[in-house]
Amino acid sequence: MTTLTPQERQDTLSTPTASTAGYPMKRLAQFYIVTGFIALFVGVMIGPLQALNYADVNLYNLPILRNIIKSYYQGLTLHGVLNALVFTQFFISGWMFYMPMRDLKVTPNMKFAWGTYIAMTLGVLIAAVPLLTNKASVLYTFYPPLQGSPLFYIGAALMVACSLLVGGQVVFEWFKWKRAHPKQITPLITYMSVATWMMWILASLGLVAEALILLIPWSLGLVSGIDPLIARTLFWWTGHPIVYFWLLPAYISWYGFMPRQAGGRLASDPLTRLAFAMFLLVSVPVGLHHQYSDPNISGNMKTIHMLLTFMVAVPSLLTAFSVTASLEDGARQRGGGGLVGWIRYLPWKNASFTAQVLAMISFIFGGAGGIVNASAVLDSVVRNTAWIPGHFHITVGTATTLSFMGIALWFIPHLTGKKLFAPKLALFSVWAWFWGMMIFAVGMHWQGLLGVSRRAQISAMAQNIYDNAHVPQVITGISGVVLLVASLAFFTTLFGTLLSKTVSDGEDVKIPWSEAISTHEDSKMARRLEALPALWLAAFVLVGLTYGPVLIPMILGRNLVPGYTNLW
Amino acid sequence: MLDHDKLQNAENIWLGVAVVMCVLLFTGVVASFLSGTFPLVSGGHASGIASTRVDPKNLAVTPFAKPGLRQEGTENELFMVAKVFSFDPAFVRVPAGVSINMHITSADVMHGFYIQGSNINLQIVPGQVTTLRYTFKYPGTYNVICNEYCGIGHHNMVTRFVVTPPTK
Ligand code: HEM
Ligand SMILES: [Cu+2]
């Protein structure tokens, strides 16, 4: 296809700010994305050691390693924080800021935007001090009364608070745009981004409250005790919807850019909006499904959260349909045919595209596993076993991470004007990541069903209680090696690209804006769904209704206990 | 090329299928609560006993002062304390075929309580008592594993339940 999309036609006509090389958002987005990948690099280097632990191989006594990390659990804390919290948030703050601004053709207040970036990075550096000195080896869930250094909580809170400023700026620019264009329907990329940011702002309130009201004063010694159950409940208020904050930015690419990368069109613009509106509404009031086995929480409230959790599966099932249809459209336009024969006609040589298709395939299994976890009955079998890391490495660890890796393969050249270094190696790395994670998932899910605990240095246990798990242990070990190779290959292409010479202004690497088969012109649904603020308000009310009856009795009957700082 | 109407139709059907599927899943789980395979509703798994809170620094004034299995009236009550990095009592002998009320709390940080190969898998929170009723069906030795990170010795926090054949 060589014809320009309406977007691109507009792009070529519009003001220099939002569509040319000098666009100041480019540098900012580049900083966010690259900082994120540096965190991922460090985090991922620890992963294979953990996979080997789950193969009963203990490398943590090696002197070289001993000099860097004191224990398995310090390494695990770093792995969880850097990968799941730092990498994701920085990538998203670059991606889901740049794209809607460019989509609306506006330049936000750049001083404010850079200030946010600097403060967010400062947050990471502050938290890094206790993490690296083994003063906060409390894992990325930091359940009190395990008590890390106050710097850890302060740094983490600052970092998360900054993501709200990024989201706030996007929502603010959208409001401004709406006022200037009262009759128009929001362009799709912006719609998806704004809905996701609104969801995240509501979702993050739990963690922000936990940090500001409970953790920071307590770790500073201003109060003597903490209620671990309240803290845990606030944590999961944020802790589940955070997974949609990781996933939806990948969906933005799957819906908004992959159709064009495949040479086709998005199936339906209005239905895409519907999926995001549903996510805004029901992503947050679901956190109790992480607490089915907690004492002193009403069973009825647990059941309501379970129902809502099942409902969040609906927009994801819609996504599976839509995205597959748009890929099929692309493949048929490229000459493919047959019931499944068209699959061969997708652009498999394109590493960016391939990475994201593989990420989707991984999410089919990840999503199915998620439905298992959401069911209170089955959760009691798999809870806190190796099944759980098995599950989230094919969701956030692949559906999200491999999508972000794929996006980076065009986005970084677009932002920097550098040519992708070693595209063949990039293609190899995304396949290796996919297979590595698939093997990992088999090993870990299987170990989980045999009762092997997660978050445990099983390779250093005094007694052998997992004699039945040798086969899946070997499988997990192999996956660790495959993933090490995959990561090294990927980061070679990434850093190779960044270190190469700038050859253009980056505009030759086009943003793959996609057209839709069913557009939002004349769509009643699209018009109704413009009411994002009303949906947002409804989401707040729903969270109040589903968390009020849980938190109010907890707060009235709070039971403070002392902290422990020297257990690791 | 795919066309608009056909696609929309198929997508609507798919949406219907998705909703029905989720409703069925939910119904299945609720049926399991009601039938008692997973009695979330009636004082079983994970329901806890509301208002059962204790001071983890002063368990001496609670039934947790002397952990272990005992008979109170017609009920078998088992009290256990999790603390870094062991369970008290370190070893529990229970008869099969008898309903047991287990009460577990923590003397320090969060712990887990997972009976390997069963669906007893609980969060143990300091200050709160996790309670459930359970009847062991089959005699044998079961590992009980702390599956919530509690510190450097977490992976060695394991105990055993020996389920003896029914006495009659
Ligand atoms: C080279 C690739 C990777 C390998 C081999 C790997 C391996 C592992 C293993 C074996 C565990 C379980 C440790 C335990 O429960 O004791 C784990 C935990 C975890 N991984 Fe990864 N991982 C990789 C990449 C990632 C990525 C890309 C992400 C997310 C973006 C991620 C996020 C996490 C998180 C959040 C945990 C849980 C930490 C905790 O339980 O506190 N990992 N990883
Ligand atoms: Cu423990």
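Where in chain A is A:Pro145 found? A:Pro145 sits in the loop between α6 and α7 (150-180) of chain A; helices (H or I, at least four residues) and strands (E, at least two) are DSSP runs, numbered from the N terminus.

## Ground rules

This is a predicted model, where local features need pLDDT of at least 70 and side-chain atom pairs count only at pLDDT 80 or more, while totals for chains, interfaces and linings use all residues. Residues are numbered from 1 along each chain as its sequence is written, chains are lettered from A and ligands numbered from 1 in the order in which they are written, and side-chain values use heavy atoms, with hydrogens and water left out.

## The copper site

The copper ion (ligand 2) has B:His111 (ND1), B:Cys146 (SG), B:Cys150 (SG) and B:Met157 (SD) as its protein donors, 2.1 to 2.6 Å away. Donors here are N, O and S atoms within 2.8 Å of the metal (3.2 Å for Na, K and Ca), and since water is not among the atoms, sites may look incomplete. The angles subtended by the four donor atoms run from 87 to 133°, so the arrangement is tetrahedral (four donors, all angles between 85 and 135 degrees).

Along the sequence, the donor residues are spaced H-x34-C-x3-C-x6-M. B:His111 lies in strand β6 (residues 111-115) of chain B and B:Cys150 in the loop between β9 (140-145) and β10 (158-164), so the pair ties together parts that are 39 residues apart in sequence. B:His111 is buried at a relative accessible area of 0%, and B:Cys150 is buried at 0% too. Buried means under 20% relative accessible area, exposed over 50%, and partly exposed in between (1.4 Å probe, protein chains only).

## Cis peptides

Back to that proline: a cis peptide bond joins A:Pro144 and A:Pro145, with omega about 10°. Chain B has a cis bond from B:Val84 to B:Phe85, omega near -10°. B:Phe85 is in the loop between β2 (75-83) and β3 (86-88) of chain B.

## Positive phi

A:Lys105 is not a glycine, yet has a positive phi of about 60°. A:Lys105 lies in the loop between α5 (72-104) and α6 of chain A, and counts as buried because its relative accessibility is 19%.

A:Asp522, also not a glycine, has a positive phi of about 60°. This residue lies in the loop between β2 (516-518) and α19 (524-528) of chain A. With a relative accessible area of 83%, A:Asp522 is exposed.

Technical notes. Tetrahedral: all angles 85-135°; square planar, octahedral: opposite > 155°, others 65-115°.
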